[in-house]
Amino acid sequence: MGSKINKTHYGYYFIAPFFIGFAVFGLAPILYTLYLSFMKWDGFNDPVYVGVANYTRLLHDSFFYQTIWNTLIIWVLSNAPQLVLALLLALILNEKFIRGKHFFRAVYFFPHIITPVTLGVIFSLMFDWQTGSINKLLMNLGIVNDPVNWFNSPWWSRVIASAVICWQYFGFNMIVFIAGLQSIPSEVYEAAEMDGATKKQTALHITLPLLRPVFLFVFITSVIGGLQLFDAPLMLGDGPGNTSRTMVMYLYQTAFKNFDYSYGAAVAYGIFIVVMFFTAITAKASRLKD
Amino acid sequence: MAKVITKGILYLFLVIVAASCLIPFYSMFVTSTHANSDIARKLLLIPGDQFFDNYNRLKDTVNIWRGFANTLFITVLSTILNVYFAALAGYGFSKYNFKYRNALFVIVLGTMMIPGQLGIIGFFKLMDSLNMLNTYWPLILPSIHNAFGIFLMRQFADSSVPTEIIESGRMDGYGELQIFNRIVLPIMSPALATLGIFAFIGKWNDFLTPMIILFDNNLQTLPVMIASLKSQFTSDFGAQYVGIVIAVVPVLVFFSFMSKRIIDGVAAGAVKG
Amino acid sequence: MKTRKWLTMATSVVLAASLMAGCGNNGNNNSAAGDASNSNNGSANTGASNGGTKELSGKLVIWTFFDQVKDMADQFEAKNPGVTVEVKMFPGDQYQTKLLTALQSGRDVPDIFDLERGYIGKFIDSKFLTDLSAMGGDDLVKDYIPYVQELGRSSDGKLRAISDHSSPGGFWYQKEIAKQYLGTDDPDKISEMVNSWDKIIDLGTKIAADSGGKEHLIQNAGDLFDIEAYNTQPWVKDGKLNIDPKWQTIFETQQKIRQGNVDAKLPFMSAGWGNALNDGSVVLTSMPAWAGFMIDNKDNKANGKYGVAKTPEGFYVGGTYRGIYDKSENKDLAYEFIKYIAGTEWQQHNLEKTGNMPGSGKVYESNLDTYTSTFFGDQNILKPYYESVKQMPAIKADKYGEDILSKWRKAAGDGITNNLSYEDVVKNFKKEVKNTFPEIKVD
């Protein structure tokens, strides 16, 4: 033990790279962004201190509120079906009698490893109203007579953006659910079977309650990740009247398209507050349930 | 009988979902082999013969293979950095009982809560003042700090790296870093593989950072090139589809060989997380 | 949408340029406007600039998004063997950010940089551009098309950037289709038939009705945004949002166009738009001179097939301007380069090689009676272009114009599609402007 005590300070060396890396590439940019959010700076002239002007503007920015709303809608539209689908598939694939489990798992997981940008482009091409295969298919089947201009409709734009995200994540969450299911000891099921519980009863009263920690993990990660939607929706565009523009898209456009860096910095902090708010609500709600 | 029907329905459901996962990719591939005039007018179900025409138009404007190589280079280097430093810190937290250890660990976990885009504007300006814009440094170096990786590695080191083996290393006269490099890292390799998969997929898909940091087309990464296809080939859909196919097919091939490992790794990481 | 629109435009210019340049190099006449051949090659160089008297030497760095600048550099180097010109090209929308970052930090900066029409207004009053008037630049543009030279001036009237070309637009049509639906393929007669929007609406409604809705006279009601963009008052006057009353008339015209089924509802440069241009399901396509690459001219099959008529009002789309970095150490040499591209020698060469229209009125005039191109057969397209382009009002670029125009395009476009009233369109538009530019006063 003696030697170990002498060596404890090595712990600092081992964790130092993390803290240095975080200070330089994580913390410093965040503080710099904060500093910029109190300036007026368009990249052409030197920054000028303007106090809280950017934040006042943010509070009155109906476009920012609209992006929060859009993000929430897309989040709900993508995550509700996504989680249900993932859980359903996990329950089915966890059954012993199903064959080809590995094949199905791999196929469902596949969209997840494709770059979100690529998925966004694929969907935008599929739903292109002049050349997209979806319209061609619908017209060939006689479901519609004229091509549907999907991205000219606020709700279709949002549904398509949600579909991309749902499609991308259900496989991943299914794997997480399967892992959770497999961590439930088989004795529990055996006991239930001995008590004469039906499959449905087992699922409702044993499996689901035991899955709750996994559920929480999935839910909280999807809140934090889901509110930062960017890559795929960017490829699909703003939608009519900006109805499918997400918060981070707005940040990107403000800072890196309009060169309003300082206002973009305020938007970044606005997003931060919104994300923290919803994460806190989720965390609180999950604790209330316990 | 009822059982057979239930089974049939379940399989049908599985197959339909599987088809919905694969059909868009099939459609991409088929469409990429047709001429623009056909893409605009017809529903395409079987491959055509225009792939190389489309490919040549794409190649003349976008050096997509270069993007592929760039992304691979960045991803491999960052994954190595990411995994190594996460293991180092995770091991440090696990095996050294230094002062403020728990407080520091909480700080590490706390950094996970910060949304990635919060500092992006400051990051851009800071990299500018460090003269690192249009280089790979801002894409690779930040991999040193990965809180999730440290968490994962600490869990693993707590449970699977015996303290005795470290002591015996010290007896043999190894330095602390040598012990880590020679003895601990090999023991931790299952966790390294899991984290490596996460890190690799995450970095491979990275989009916003390279988009704002890199300007030179020869340095650009694949996701940014794919994103720019739409604006560069406004009405040349054939070329766009070929770009998508090139981005997807290598990943498909890689995944079909590695799918078991990847999925197991993700499952392992998720349960730990 | 607004950024996408301009991005599309900018990249299209790049694409056009690369295609055209490619054609010029390998002598393969695939591009529509790219194979302009000129009958007065001999006289081309007689009006050339007075270069060659003094020996120039040194090195210039040029930044651009435009492939054709390489040819400029080659020509300039050939004339001045002591000079090397390094052209760095950044295609797509990365260019603007890259340029701004470099200028702001002052490191790794070019001597000369290019600015696109879409964002020149943001740069023109910045401290980064050298005052060319002080170097004698006004003399270089004295024969210029008025709108082209005015766009290079900052708000104090000083010349800061110069373009080497103009980008006039017109109605392109397939002669066969025009004969079928308009009864003639003569450009002057067609120009006469469509010299007002009312005539276009009447004619277009008839064509749509006669063809059972299969044939449309024009591509899109939205084309009027491009055509009217610079035929209207500036969007911002004395810090206040200014909506030219003319926009109301335009909006009503656009609604009538849509209601009469006059347009095919195909957005500029979209796939369907390109198809219609090539298969003739739209009779008249309004597009700029540089967009000829959209016509499929494989094996010269489109040669002689197309003509160009005048639009009710002249218009231009896009344009590339070149300025000198204020802290450049090679200002004098950079000025020589600007002088070269502003001169007749380069513009004549460019017209012959790529079909790009000159910026100088003098070059237009010296070619006015002689210019022909194999693509357009015996039609001299220079004439209609010149007549419309010289009438374009000279308006300075300001930092808001293009952004606000694209907001209008979006709000009014939405109004046409969803049949909103003009008041609602204006309301939505004002909200957008207020939000993006809080410093502009909006009633």
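**Basis of the description**

Two residues are taken to be in contact if their C-beta atoms, placed from the backbone, lie within 7 Å. The model is predicted, with local features needing pLDDT of at least 70, side-chain atom pairs counting only at pLDDT 80 or more, and totals for chains, interfaces and linings using all residues. Residues are numbered from 1 along each chain as its sequence is written, while chains are lettered from A and ligands numbered from 1 in the order in which they are written.

**Helix α8 of chain C**

Helix α8 of chain C covers residues 175-182, and its buried residues are C:A178, C:Y181 and C:L182. A residue is buried if 20 or more other C-beta atoms lie within 10 Å of its own, exposed if 12 or fewer, and partly exposed in between. Helices (H or I, at least four residues) and strands (E, at least two) are DSSP runs, numbered from the N terminus.

Viewed down the axis of α8(C), the buried residues fall within an arc of 80°, so they line one face of the helix; the arc is that of the directions from the helix axis to the C-beta atoms. Their cover includes β6 (169-174), α9 (187-193), α10 (197-210) and β10 (282-288) of chain C. Just after α8(C), C:G183 has a positive phi of about 80°.

**The five-stranded sheet of chain C**

In chain C, five strands make an open sheet with mixed pairing, in the order β3-β2-β4-β12-β5; two strands pair if DSSP finds at least two bridges between them. β3 (83-89) and β5 (161-163) of chain C stand at the edges with a single partner strand each, so one side of each is left without a neighbour in the sheet. From one strand to the next, the twist averages 25°. Axes are lines fitted to C-alpha atoms, for helices over the stretch in contact, and angles run from 0 to 180 degrees between N-to-C directions.

Strands β2 (residues 58-64) and β4 (residues 112-116) of chain C run parallel and are joined by two bridges. C:I62 stands opposite C:I112 in β4(C). Helix α3 (residues 69-79) of chain C packs on the sheet, where it touches β2, β3 and β4 of chain C, and its direction makes about 175° with that of β3(C). Helix α14 (residues 331-342) of chain C also packs on the sheet, touching β2, β3, β4, β5 and β12 (320-324) of chain C.

**Chain B and its contact with chain A**

Chain B has 14 helices and zero strands. Buried residues make up 48% of its 273 residues. The contact between chains A and B takes 72 residues from chain B and 72 residues from chain A. On the chain B side, the largest share, 15 residues, comes from helix α14 (residues 237-272) of chain B.
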